[in-house]
Amino acid sequence: MSNKKITGLDNLKAMEYSLQHYLVCDKIINHVRQEIITKSDKLLLAKTASETYRSAVGFCLKSSKICSLDKVSYYKQLAFYFSEKDKTQILLDDLAKKQTEKKIAVKNSALIKQKEALREKIVLTKIKLAKKPLINIKHQNLTDTLFKARRDYEAVIDIITKKYPNYKYNTEIAKIPEIQLHLNNSTAIRSYTLGDSLIYIFTITKNKFSIDTVSKPKDFNLQISDFKHYQINTFDISFKNKFIKVAEKLYQQLFPKFASINDSIKKLIIIPNDSLSLIPFEALLTEQYKGIIGEFSEYPFLLKKYIVQYSPSVNIFYQLRTKRKTKAKNEIAIFAPVFNDDEELYLPYTVKEANSIYELFDNKKSKKLMYTKASEQYVKSDSLKNYRIIHFATHAYANTRDPLLSRIVLTQKNKTKEDGFLHANEIYGLNWNADLVNLSACETAVGKVQNGEGVMDLSRVFFYAGASNVSATLWKVDDENTTNLMILFYKYYKTKKLDFATALHKAKLEILKSKRVSTNGEKQCHTAFWSAFILIGK
């Protein structure tokens, strides 16, 4: 055994070798991403790569504390880079490819049309398969059709990739100074990465970038689950007690005192990770509450301190901010099927919601489609390309087993070749120019949590369809209270000329002050009725 003493220089060399190892791994992952085509394979790679990227974040942060002063910034930037590579890479890839397809279509529209036709065939076949029993001749025929369509699709993608080398995976990650250019002095980005035993907190403001760590409790995911569960269940007084405790505890972990945010910050862009994507940060309690249980208007919610907005990743936020868009000519298109002749689906308050919102806008530049006019066929037509806001007041169903089969319910009458359900994988085929898609429906931000990609929910596919912002819900929402919140939201947006995030913030604060009681007997200021609604985007 050697008696050679290990020096600081040896440690620095070992650190450099380790860094090269992570960078090589990153290159290999990028290369593999370019070679695979199917969503399932991409998700599997994202899950596998996630462990490497999270390990790299921890390594870079440790290295920043022992390296020479001139390398501190370098290692912190790399920690941020690796944290971003662990978030929504498939969505980023899809968005980049869609922009490339538009350029290719100018030169070779037939090739892109062939690719889209095969994609639609795959989508429709998958939807049909989901409705057929497994032991069925038609099921087998559909399985064969799906297999062939996938093979044909892969062949077309191969042709596109060889003919147009730029049709590749997007490996670009925006640098901190580039991101800071798109922040004002009162806005901060708070991005989270969950390690095995640590929570990494990245804070970006106009003039500052910092990384902090806090210990991750073993029961952290249980706390997240409890925090959400205690908000939804409205009547049990013991739940209201438990909610306060877990809301205070989670705030201390996610906003530790040593990682404080400057008092000048009024707006937070939250970039959640894994299970954090399932909760509304606005409902965290910023200090210990000693008042009357159930007096929600008195609770020290984060909502009272900040305007809160979300984004799947910092890079998605940056891309949406820097994306060049032509302004849509029309104002709002509202879809409200109501389902007045179906007792199970009936949404009586959506009549008031649709009519009240419509009256706030220029009717010559807006459209209100109610009852049987709120059809899937209309949604999938080219008619919505020129609307700034597209609003759905209806039902939605999350499919956590197969997120691409999550769906929005439209009229179930006058169906021709459509089934009356707008599935997530059908939304990929839409081309909108909306500043906002408002999903005033249940569980539109709910989905399967996928390591390395985030929540596979309905809201994310609308970004691919062309939306800059999506308003979605984290759980099943009450018809009456949803209507009240939505009307307030649009009043603040339209009459007060506020941006979407501020308008939603003001609407929630007004609901929180409300003394009204819902028809179910609970106060309308209960968290269950306002905190489910989140704004995702830029």
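The side chains of K115 and E101 meet in a salt bridge, with an N to O distance of 2.7 Å. This pair links distant parts of the chain: K115 belongs to helix 5 (residues 109-131) and E101 to helix 4 (residues 89-107), the two being 14 residues apart. The model described here is predicted.

Both partners are classed by relative accessibility. K115 counts as buried because its relative accessibility is 2%, under the limit of 20%. E101 is likewise buried, at a relative accessible area of 7%.

A search of the whole structure finds 20 salt bridges. One of them joins K85 to D26, where the closest N and O atoms are 2.7 Å apart. K85 lies in helix 3 (residues 72-85) and D26 in helix 1 (residues 8-35), so this contact ties together parts that are 59 residues apart in sequence.

Are these two residues buried or exposed? K85 counts as buried at 1% relative accessibility, and D26 counts as buried at 5%.

K162 forms a salt bridge with D158, the closest N and O atoms being 3.2 Å apart. Here both residues lie in helix 6 (residues 137-163), four residues apart, which is about one turn of the helix. K162 counts as exposed because its relative accessibility is 65%, a value over the 50% cut-off. D158 has a relative accessible area of 35% and is therefore partly exposed.

Some salt bridges share partners, and in this way E101, K115, E116 and R119 are joined into one network. The network includes both K115 and E101, the residues that meet at 2.7 Å. In general terms, side chains of opposite charge can pair when their charged atoms come close.

## Aromatic pairs

The structure holds 26 aromatic pairs. Among them, Y299 and F301 form a tilted pair, with 5.5 Å from centre to centre and 40° between the planes. Y299 counts as buried at 0% relative accessibility, and F301 is buried with a relative accessible area of 1%.

A further pair is formed by F489 and Y490, at 4.8 Å centre to centre and 65° between the planes. Which geometry does the pair of F489 and Y490 have, stacked or edge-to-face? The pair is edge-to-face, because an angle over 60 degrees places a pair in that class. F489 counts as buried at 3% relative accessibility, and Y490 is buried at 0%.

## Aromatic cluster

Which residues make up the aromatic cluster that contains Y22? Y22, Y53, F59, Y81 and F82 form one such cluster.

## Charged groups over aromatic rings

Two contacts between a charged side chain and a ring are described here. The charged end of K98 sits over the ring of Y464, 4.6 Å from the ring centre. R407 lies over the face of F421, and its distance from the ring centre is 5.1 Å.

Notes: Residues numbered from 1 in each chain as written. Predicted model: local features only at pLDDT ≥ 70, side-chain atom pairs only at ≥ 80, totals over all residues. Heavy atoms only, no water. Phe/Tyr/Trp six-rings, centres within 6.5 Å; stacked < 30°, edge-to-face > 60°. Buried < 20%, exposed > 50% of the residue type's maximum accessible area, 1.4 Å probe, protein only. Lys NZ or Arg CZ within 6 Å of the ring centre and 35° of its normal. Salt bridge = Lys/Arg side-chain N within 4 Å of Asp/Glu carboxyl O.
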